[in-house]
Amino acid sequence: MNYHHRIDGAEVDLPVGKVVCVGRNYAAHARELNNPVPSEPVLFIKPNTSIVRLADPVAIPSHLGQCHFEAEMSILIAEELKAGCDEQQAQQAIAGVGLALDLTLRDLQQQLKDKSLPWEKAKAFDGACPVSDFVSVNRAGDLQDQQIQMYQNQQLRQDGNSADMLTPVLPLLVYISQFFTLLPGDMLLTGTPAGVGPLAIGDQLQLSLSDLIQCQTQICAAI
Ligand code: ZN
């Protein structure tokens, strides 16, 4: 794997683990895909084989139907969180905050949902989780007041604030830990605001998290 976690510009000594993701954590996004607003978090996992650097060209498997962008705030975990942990322990376990794309093969996901089958092939494929470098949690300020923006070819597509999460980061980590132990080097993707849409080969993307992170990338075809 050609990826290592970086915080504030320096490589950190943490393994690259799983990525626990939450679906429909912003009501406006749930509605745009005609999904009900869930009463508790919808969780899924991307394996570490899905992680690539967002700064590198992002390869999408365009032969598998539409691939949607979902720009999300990411959280890097540096201490184990297991069932029974509390929000204070969750807070202490957070090392960094970043940006990620939860790439989603939307046509395939719809086919799987229609058959009541799991989403993995649509969400967990190789390269499905491009991630930025992290900023340290101390520099980031309030996790529930971060502006998430994504431009596609200079057009603003997503513009949300983490204040609108249905389940904020700390209760989300506590909830997740009841099902999946979080290990040092694991990541959390906190859900996408509204405005998702399909990617095309050659697209230029610019993403930002408040004034903490600005990054750009381009979309290319998977080999
Ligand atoms: Zn997502």
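**Burial, zinc and cavity**

Reply: Glutamate 70 counts as buried, since its relative accessibility is 4%; buried means under 20% relative accessible area, exposed over 50% and partly exposed in between, with a 1.4 Å probe and protein chains only. This is a predicted model, in which local features need pLDDT of at least 70, side-chain atom pairs count only at pLDDT 80 or more, and totals for chains, interfaces and linings use all residues. Residues are numbered from 1 along each chain as its sequence is written, and side-chain values use heavy atoms, with hydrogens and water left out.

Me: Which protein donors does the zinc ion have?

Reply: Donors are N, O and S atoms within 2.8 Å of the metal (3.2 Å for Na, K and Ca); water is not among the atoms, so sites may look incomplete. Here Glu70 (OE), Glu72 (OE) and Asp102 (OD) lie 1.9 to 2.1 Å from the zinc ion. Their spacing along the chain is E-x1-E-x29-D. Aspartate 102 is buried, at a relative accessible area of 1%.

Me: How many cavities of 30 Å³ or more are counted?

Reply: On a 1 Å grid over the protein atoms alone, a cavity is a set of points where a 1.4 Å probe fits but cannot get out; lining residues have an atom within 4 Å of a point. Points are joined across faces, edges and corners, and a volume is the space filled by probe spheres set on them. The count is one, and the largest cavity has a volume of about 110 Å³. Its lining comprises 18 residues, of which Gly23, Arg24, His29, Glu70 and Lys123 are the closest to the centre.

Note on methods: 1 Å grid on protein atoms, 1.4 Å probe; cavity = no way out; pocket = protein on both sides within 12 Å on 5 of 7 lines; lining within 4 Å.
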